[in-house]
Every structure is written in C-alpha cells, then in structure tokens.
Amino acid sequence: MSQLKNVEARILQCLQNKFLARYVSLPNQNKIWTVTVSPEQKDRTPLVMVHGFGGGVGLWILNMDSLSARRTLHTFDLLGFGRSSRPTFPRDPEGAEDEFVTSIETWRETMGIPTMILLGHSLGGFLATSYSIKYPERVKHLILVDPWGFPLRPTDPSEIRAPPTWVKAVASVLGRSNPLAVLRVAGPWGPGLVQRFRPDFKRKFADFFEDDTISEYIYHCNAQNPSGETAFKAMMESFGWARRPMLERIHLIRKDVPITMIYGANTWIDTSTGKKVKMQRPDSYVRDMEIEGASHHVYADQPHIFNAVVEEICNSVD
C-alpha cells in the first residue's frame, strides 16, 4: 500500500488546483480514499466521479483540474479498490452490487453532499446507475461514460462484439480465478506486465508522465488482496456481461433524472445501448453521444473533448 501511496502522490502533484486527499471513515469502519479538488467552490452542485474496474482516483488526472475550474470535484476509490478498505463482499451478484451502492451512499452522507452530478466510467457507470435507482433525489444529472453491464447477453454468438485482444488474453490466462490474479502472481514484474498488455495507457498519459508512473499506479492499485475484484467477479457472467444487466432496470430511475451517455467511437462496449436506454425512458431526458478517436477510456483518450462535454453538462445543471 505504501508503494501505491507514493506513486499516487507523484500523480496528484500534477494538479494545479487546490485539493484535499484523505480517508473518509464510514460508520461500519470501512474507509474510502477520497480526493476533493477545488473544495472552496461552494456555489455549484459538485461533480462526483466514479472510476471503473481496477482503477482509482489517479486515472482522472487529465480531467481533475479542468472539471474543477468552476465547481468542487470529488473522486474516490471504490470500496475494495485502490487505497480504500478491502472488505469481504457478499458472493451473490445482488448482494455485491448493494454493498458497493450502500458504500457510495454512506460516503455521500458522511461527506455532507446534499446533491451531486454523478459520473461513472465502465463498472463505475453500472454502479452509478444502480445508485440512481435507489437514491434519485441525490442525483441532478447522471453521466455514464462507456458504462459496463448494460446489455443482455445475446443468445446468438454472432451478435457478440469481440472484446480487445488483451481482455481475451487475460481471460484465457485466468480461467476461473479473479480477473487480475495474473498481476499479483507477477510480483515485481507486474508493472512491466501492465505495460505489455496495455502499452496504450502510457501513451494516453504521455503529456504528464514520460515514465511508467501510470503502469505502476495501475499495478499497485491491483496488487493487493482482491476484494472489489471478487465482487465484480460475482456480478459478471463473463468479462463483458453482467448477471443483472442494467438495461432491464434503467426504467426504474425516476423520470426527472436526466441521463447523458458518452461512448468512445472505437470502444469494445456495445454503443447501441444508448438508443435502447432512450426507448426505455421515453418521457425522460436521455442523450447519447460518441467521441471520435476514443476507445473505452474516453476520459484519457480524448481528455480535452471529454472535459468540454462534461463541463457543458455540468453548466446545464447550474
């Protein structure tokens, strides 16, 4: 954990705006590692950003300053990921999902955030949606960035969009073990393995880091006791599919909660989901869009366009 702390400190020192990084203790003794940028901006609804599987607060480094120029931005490591506590999650998909959602709500209460613009990427998008079903009065606008776990698994194999080679490689190496077990087994070679499987990460963050800072960060986020990862495994059928797909439930979000879905034009996630969400919510605001030149990690592939789009959404709230 101390290595994760050190590499994250290197990332956060790139921030220009004032920020506060600390543990937020929940009543059940779990701790959520939280970074708040521009805490002094109190006039507008804060933006809360929820990272995806295997990620952490550091991966938002290309977005934090820009998106906190006119409002407070909160980002945190999901329970079971990054520097947050790593409890034992329920083994069933509904129980695991509820544990995540309850931890987000308890964090919000402890932080004293009355309402927020809630943004989630990938697994974070799935959990932000689940949160919005349960606590719609807290969400001024739901922003889903390449969200995981929406479509139902097609019965016809020809309809399945092939995941990228690295996903298939990791899946085949692991078989039944946890998705990131190979990283932990790799030990000190882990950062090199991240670099080998995901050389694109180094390129995405090249403006800030010429070295392997980001590969090291991803490695150390995932080289610990698997907790959130085990919960994710309980929630998924195979890497691309949720056992409880969100498309079957999105209509349960209160009608007055606006939703914007942002996809990378080159993502492996099924982008037709946006149109299907519109059909499920005919009397509600649903906008879906694709960002050219971006794949699954839209926020890092095209940070300037992404930041402009998110800022425009935030400004529509206040």
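Two strands are said to pair if DSSP finds at least two bridges between them. By that criterion β3 pairs with β4, the two running parallel and being joined by four bridges. The model described here is predicted. The protein contains 13 helices and 10 strands, and buried residues account for 58% of its 318 residues.

**Overall architecture**

- Of the contacts between residues at least 6 apart in sequence, 74% join residues at least 24 apart.
- The protein exposes about 13,300 Å², of which carbon and sulfur atoms supply 51%.

**Nonpolar cores**

- In soluble globular proteins, nonpolar side chains tend to be buried together.
- The largest nonpolar core here comprises 48 residues, and those with the most contacts inside it are Trp107, Leu118 and Leu142.
- Two or more residues of this core are given by each of β3 (47–50), α3 (93–111), β5 (116–121), α4 (123–134), β6 (139–145), α10 (228–235) and β9 (259–264).
- Helix α3 provides the largest share of this core, namely six residues.
- Apart from this core lies another, of 41 residues, including Val145, Ile291, Phe306 and Ile313.
- Leaving aside neighbours within four places in sequence, Leu118 is in contact with Val48, Val50, Ala128, Tyr131, Ser132, Val139, His141, Leu142 and Ile143.

**Aromatic pairs and a charge over a ring**

- The structure holds 12 aromatic pairs.
- The ring centres of Phe53 and Phe81 are 5.9 Å apart and the ring planes stand at 85°; because that angle is over 60 degrees, the pair is edge-to-face.
- This pair links distant parts of the chain, 28 residues apart: Phe53 lies in the loop between β3 and α2 (64–67), and Phe81 in the loop between β4 (73–76) and α3.
- Phe81 counts as buried because its relative accessibility is 2%.
- For Trp60 and Tyr299, the ring centres are 4.8 Å apart and the planes are at 50°, so the pair is tilted.
- Trp60 is in the loop between β3 and α2, whereas Tyr299 belongs to helix α12 (residues 298–301); the pair therefore ties together parts that are 239 residues apart in sequence.
- Both Trp60 and Tyr299 are buried.
- A cluster linked by ring pairs consists of Phe53, Phe81, Phe89, Phe100, Phe126, Trp148 and Phe232.
- Arg83 lies over the face of Trp33, at 3.7 Å from the ring centre.

**Helix α9**

- Helix α9 (residues 213–222) is largely enclosed by the rest of the structure, because nine of its 10 residues are buried.
- The buried residues of α9 are Thr213, Ile214, Ser215, Tyr217, Ile218, Tyr219, His220, Cys221 and Asn222.

Note on methods
Residues numbered from 1 in each chain as written. Predicted model: local features only at pLDDT ≥ 70, side-chain atom pairs only at ≥ 80, totals over all residues. Heavy atoms only, no water. Buried < 20%, exposed > 50% of the residue type's maximum accessible area, 1.4 Å probe, protein only. Contact = heavy atoms within 4.5 Å. Areas by Shrake-Rupley, 256 points an atom, 1.4 Å probe, with all protein chains shown as cover. Core = buried A, V, L, I, M, F, W, Y, C linked by side-chain atoms within 4.5 Å. Phe/Tyr/Trp six-rings, centres within 6.5 Å; stacked < 30°, edge-to-face > 60°. Lys NZ or Arg CZ within 6 Å of the ring centre and 35° of its normal.
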